[in-house]
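Open the structure in your viewer and keep the selection panel at hand. Each stop below says what to pick and what to look for.

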Amino acid sequence: MTFTIGIIGTGAMGAGIAQVAASNGCKVLLHDANSQMLQSAMEGIKASLCKLVEKEKISEADKIKALDNISTHQSLNDLGPCNMVIEAIVEDLSIKQKVFSQIEQIVSTKCILASNTSSLSIASIAAACKNNERVVGIHFFNPAVLMPLVEIIPALTTSENVFNESMKIIKSWGKVTVKAKDTPGFIVNRLARPYYGEAIKIYEEGMADFATIDHAMKTLGGFKMGPFELMDFIGNDVNYRVTETVWQQFFYDARYRPSLTQKRLFEAGLFGRKTGKGYYDYSSKELAKPATDEALLQKIFIRIMAMLINEAAEALFLQIGTRDDLDMAMVKGVNYKQGMLKWADELGHETVLNELNYLHNWFGDDRYRASTLLKQKVQDGQLFY
Ligand code: NAI
């Protein structure tokens, strides 16, 4: 039986997900409210498949088969035959709820309804449907064709069958799946927050400049990009919005507090690479030189790592994901060398806890409070692995 996938919203994410599904033998029905977006999504998918042929990653026949699997539809009503619909429209709860309540009446009762939302709760989207058992979060990473990770998020109301079926389908597309609790940022967007937040705080205190902080994390932690390079790459508009949303959804917990530094860049339109200027000026040929003081680099590294590990430990404590899923998500979703719980075992739990306690005491700021699980591990002398 041919599996038919509907994609609603064919921007950056929808187009990528469509390409993945079509390349894995699914029939894909694309719908977007804007017919120009539908057309440019098709053109984008074609160009992307051509590039894969050029690089000899797929054959010409694979490309033709994938393109044959995709059709575009101006009317949402055409999505009736779908077995699964993935929504990837604008990040706005009321618009998403409207689309979910419409699509529910068009597809069969067996059709799975998924949202690719990054920051809204799946529960709030599912609430728009009469049959909320079939609504699930399926969160791809950008670019969806290249990034292996997909977070699968059951809402409170999602049936086990729908969750298991979703896992099976996404795995069959060659993706790495992790199960995440329906909480702000799910796994990756939550666990990665300190990489940016603590780096900015270190800069704000005048401890080091962008280039030095980036250099510390790349050389000592094996991160492919330093925090400031990465924020400029993601876009300070996108990164700031995620930070602010996560913070608001955690009832303004100090752990997730955004920074004024990034807010000002966002307000000024200094988004990073896409605008030519962010933390760095991309028009300048002179690259900023990092400081090479080993003790300073080590200080920066341990502080950011302690915050990253603390967040991962707290997420494990609160059962946001399993140990293996939490670690796997950071490797496959944001290219970390290894997960933070593995890092914790390597750096030593006591070193991490001492750093957090020192920062907590020094700044008197709740953002540095140590995770209960980390304290317990130190007390019991136990490792995560
Ligand atoms: P985008 O802005 O590139 O595309 C959104 C598309 O939805 C546009 O083509 C727009 O015309 C269409 N659309 C808007 N309202 C619609 C409606 N009522 N019916 C049908 N089509 C409609 O957005 P992007 O970046 O692709 O994001 C889509 C979703 O994926 C959002 O929920 C976002 O949070 C999530 N996401 C985004 C990631 C990213 O890095 N861009 C990563 C992971 C998830």
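This is a predicted model: local features need pLDDT of at least 70, side-chain atom pairs count only at pLDDT 80 or more; totals for chains, interfaces and linings use all residues.

**Stop 1: the ligand**

Select the ligand and the shell around it. The shell counts 22 residues. M13, D32, E91, K96 and N116 are the closest.

Now colour by secondary structure. Which elements each supply at least two residues of the shell? They are helix 1 (12–23), helix 4 (93–106) and strand 6 (135–140). Helix 4 gives the largest share, with three residues.

- A12: a backbone N or O atom sits 3.2 Å from a ligand oxygen.
- A33: a backbone N or O atom sits 3.1 Å from a ligand nitrogen.
- K96: an N or O atom of the side chain sits 2.7 Å from a ligand oxygen.

On its own, the ligand has 840 Å² of accessible area. The protein covers 73% of that.

**Stop 2: T212**

Select T212. This residue belongs to helix 9 (residues 210–221).

The side chains of T212 and D209 make a polar contact at 2.6 Å.

Then widen the view to residues beyond four places away in sequence. There T212 touches P290, A291, L296, L297 and I300.

**Stop 3: helix 16**

Select residues 349–363, which form helix 16. The helix has 15 residues. From its first C-alpha to its last, helix 16 reaches 21 Å, close to the 21 Å expected at 1.5 Å a residue.

Pick out H349, V352, L353, E355, L356 and L359. These residues of helix 16 are buried. Now look down the helix axis. The buried residues of helix 16 fall within an arc of 160°, so they line one face.

Turn to the face pointing away from the buried side. Which exposed residues does it carry? They are E350, N361 and W362.

Bring back the surroundings. What covers the buried residues of helix 16? The cover includes helix 13 (294–317), helix 15 (340–347) and helix 17 (372–380).

Finish with G364, which follows helix 16. Check the backbone torsions there: the phi of G364 is positive, near 60°.

Definitions and conventions: Residues are numbered from 1 along each chain as its sequence is written. Side-chain values use heavy atoms; hydrogens and water are left out. Helices (H or I, at least four residues) and strands (E, at least two) are DSSP runs, numbered from the N terminus. The expected span of a helix is 1.5 Å times one less than its number of residues. Buried means under 20% relative accessible area, exposed over 50%, partly exposed in between (1.4 Å probe, protein chains only). The arc is that of the directions from the helix axis to the C-beta atoms. Contact means heavy atoms within 4.5 Å. A polar contact is a pair of N or O atoms within 3.5 Å; within protein, one must be able to donate a hydrogen and the other to accept it, and residues adjacent in sequence count only if both atoms are side-chain atoms. A residue is near a molecule or strand if one of its heavy atoms lies within 4 Å of it. Accessible areas come from the Shrake-Rupley method with a 1.4 Å probe; for residues, only the protein chains shown count as cover.
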